[in-house]
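Reader: I would like to go through a protein model with you. Could we begin with one residue and its surroundings?

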Amino acid sequence: MARAIAGALMANPVRVYLAGPEVFLPDPIEAGRKKCAVAERYGVAGLYPLDAALDLTGLSKVEAARRISAANESLMREADALIANLTPFRGVSMDSGTAFEVGFMRALGRPVFGYTNVVPDYADRALYSARITGINRTRGIIGIACHRA
């Protein structure tokens, strides 16, 4: 029985959409290849949003964003599950595009799994960020008073 299941999985591997901010790295295609190779080692087919493979030449930023979103949504519809890199990106939170992808897959009823490369929780990261950027909850940016009604 176990061999039959393993054989079926090898013939029709689970397809997993690999979400995360790696698409913004200097070499996003290589990052995608590496993530797909890891997925393959675990017996699943990795689906990576290769935005760089789209022809966005001459498009406005809005139209380019629409094309990327449509391509990624189509790829997610082909996936059985999603694994998301939830590591903070450009701030204290996960990449906003990755957050959308997590919600999109949950809306499709697909399982979502996440990981992060940081230990501190969101509250600790936010407090640390506020300290180093000079943001104060009660006064706004330090030195500039916020108007209150």
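**Glu22 and other charged residues**

Author: Glu22 counts as buried, at 10% relative accessibility; buried means under 20% relative accessible area, exposed over 50%, and partly exposed in between, with a 1.4 Å probe and protein chains only. This is a predicted model, in which local features need pLDDT of at least 70, side-chain atom pairs count only at pLDDT 80 or more, and totals for chains, interfaces and linings use all residues. Residues are numbered from 1 along each chain as its sequence is written, and side-chain values use heavy atoms, with hydrogens and water left out.

Reader: Which side chain meets Glu22 in a salt bridge?

Author: That partner is Lys35, at 3.1 Å from N to O. A salt bridge is a side-chain nitrogen of Lys or Arg within 4 Å of a carboxyl oxygen of Asp or Glu.

Reader: And is Lys35 buried or exposed?

Author: Lys35 counts as buried, at 16% relative accessibility.

Reader: How many salt bridges are there by this rule?

Author: The count comes to five. One of them joins Asp80 and Arg15, with the closest N and O atoms 3.1 Å apart. Asp80 lies in the loop between α3 and β3 (81-85) and Arg15 in strand β1 (residues 15-19), so the pair ties together parts that are 65 residues apart in sequence. Helices (H or I, at least four residues) and strands (E, at least two) are DSSP runs, numbered from the N terminus.

Reader: What about Arg66 and Glu63?

Author: Their side chains also meet in a salt bridge, at 3.5 Å from N to O. The two residues are three apart in helix α3, separated by about one helical turn.

Reader: Where is Glu73?

Author: Glu73 is placed in helix α3 (residues 61-78). Glu73 is buried yet has no salt bridge, and the nearest side chain of opposite charge, Arg77, is 4.3 Å away. Here Lys and Arg count as positive and Asp and Glu as negative, while His and the chain ends are not counted.

Reader: What does Glu73 touch, then?

Author: Not counting residues up to four places away in sequence, Glu73 touches Phe100 and Phe104; contact means heavy atoms within 4.5 Å.

Reader: Changing topic, how many helices and strands does the protein have?

Author: The secondary structure comes to five helices and six strands. Along the sequence, they follow the pattern α-β-α-β-α-β-α-β-α-β-β. Of the 149 residues, 26% count as buried.
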